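Biologist: I should like to learn how to read the features of a model of this kind. Could we go through them in order?

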Amino acid sequence: MQGKILADGLIGGNDGNRYTYTASDLKNAQGKSINAIIGSEVDFVGKDGKASEIYITKQAFDLQHRLFDGDLQSVKFKVYAAAGCCLLALIPFVGIVFLLLTIVLLFLVVVSVKKGSQSTTLLKNFILSIIIPFVGGIIIAIVTAISMAGNAFALLKTGEIGVMNAVFGGVGIIGIIVGIIVILSCWVFMYRYYKELTYITNDRLFFYAFVCRLIGSFLSIIPFINFIGGLFLLADLVVEAIAWFRVKEIRKSYSAIA
């Protein structure tokens, strides 16, 4: 018999009757959430108001659920959409719009993985690993500007390099060191993010991508061999892209279990 899934545990048959079912009756749901399959057309065996041997024959498309649900199908949809937008970002002028869409979609991928894995730390570590470098950069920019302005003021006032210049120079050096320490601390959160993502997806390619990023970031600031760092950063992008494309499961995170 054919019909359509109307709600969690309820199917509307083409014969005009409604049938109840349980999750175990769905034979090819493949980890999809109930929100993802509501509206899907199904083939089933109906008897005494109950449906069994249910097979989804036509998947319903719900953009809202595809964007915000935490099941594997929704994650893969956003990964493919992000890849498409990334390619379209190469188009002159309008490419910036697709680049922004790529960033938004990748953020939604992490949100969906967090939701599907019930993680309490994945999204937090992801956000901190991105924000902290900006904070460190702002600190360096501010103290550098203050130091330069202070030195210029002292030089104009006294006409020579003196104690005030040394003080402002010291402030600048200390501020830069603090900023660098702040920037380096992002690697702690990035490590935690990739470690948990590796566990959730059961795919070590994510951790290998992190290792490539770590090596590439440090080699890229060393003169004469910085091109090697660029190769590692490129490898990071390629390995992580492959990892997202081949994700086969979203399992409950150890942070949720704890």
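Modeller: What follows treats the overall fold, a pair of helices, and then some individual residues.

Modeller: This is a predicted model, in which local features need pLDDT of at least 70 and side-chain atom pairs count only at pLDDT 80 or more, while totals for chains, interfaces and linings use all residues. Residues are numbered from 1 along each chain as its sequence is written, and side-chain values use heavy atoms, with hydrogens and water left out.

Biologist: How many helices and strands does the protein chain have, and in what order do the elements run?

Modeller: Helices (H or I, at least four residues) and strands (E, at least two) are DSSP runs, numbered from the N terminus. The protein chain has 9 helices and 5 strands. From the N terminus on, the order is β-β-β-α-β-β-α-α-α-α-α-α-α-α.

Biologist: What share of the residues counts as buried?

Modeller: Buried means under 20% relative accessible area, exposed over 50%, and partly exposed in between (1.4 Å probe, protein chains only). Of the 258 residues of the protein chain, 34% are buried. As for contacts, meaning heavy atoms within 4.5 Å, residues 24 or more positions apart account for 60% of those with a separation of 6 or more.

Biologist: How is a pair of packed helices to be read?

Modeller: Two packed helices are described by the angle between their axes and the distance between the axes. Axes are lines fitted to C-alpha atoms, for helices over the stretch in contact, and angles run from 0 to 180 degrees between N-to-C directions. Here α7 (residues 205-219) and α8 (residues 226-245) pack at about 160°, with axes 7 Å apart. The two helices are therefore roughly antiparallel to each other, a term for angles over 145 degrees.

Biologist: Which residues of α7 and α8 make the contact, and how do they divide by type?

Modeller: Among them are Leu205, Phe206 and Cys212 of α7, and Phe232, Leu233 and Trp244 of α8. The contact residues comprise 15 nonpolar, 4 polar and 3 charged. In this division, Ala, Val, Leu, Ile, Met, Phe, Trp, Tyr, Cys and Pro count as nonpolar, Asp, Glu, Lys and Arg as charged, and the others, Gly among them, as polar.

Biologist: Which residues of α7 are buried?

Modeller: They are Leu205, Phe206, Phe207, Ala209, Phe210, Cys212 and Gly216. The length of α7 can be checked too: at 1.5 Å a residue, its 15 residues should span 21 Å, and its end C-alpha atoms are 21 Å apart, which agrees. The expected span is 1.5 Å times one less than the number of residues.

Biologist: Where does Asp48 lie, and is it buried or exposed?

Modeller: Asp48 is in the loop between β4 (41-47) and β5 (50-58). It has a positive phi of about 55° although it is not a glycine, and it is exposed, with a relative accessible area of 74%. Asn202, likewise not a glycine, has a positive phi of about 55°. Asn202 lies in the loop between α6 (163-201) and α7 and is partly exposed at 48%.

Biologist: What is Ser74 in contact with?

Modeller: Ser74, in helix α3 (residues 72-88), is buried at 1% relative accessibility. Leaving aside neighbours within four places in sequence, Ser74 is in contact with His65, Arg66 and Asp69.

Key
Parallel < 35°, antiparallel > 145°, perpendicular 65-115°, else oblique.
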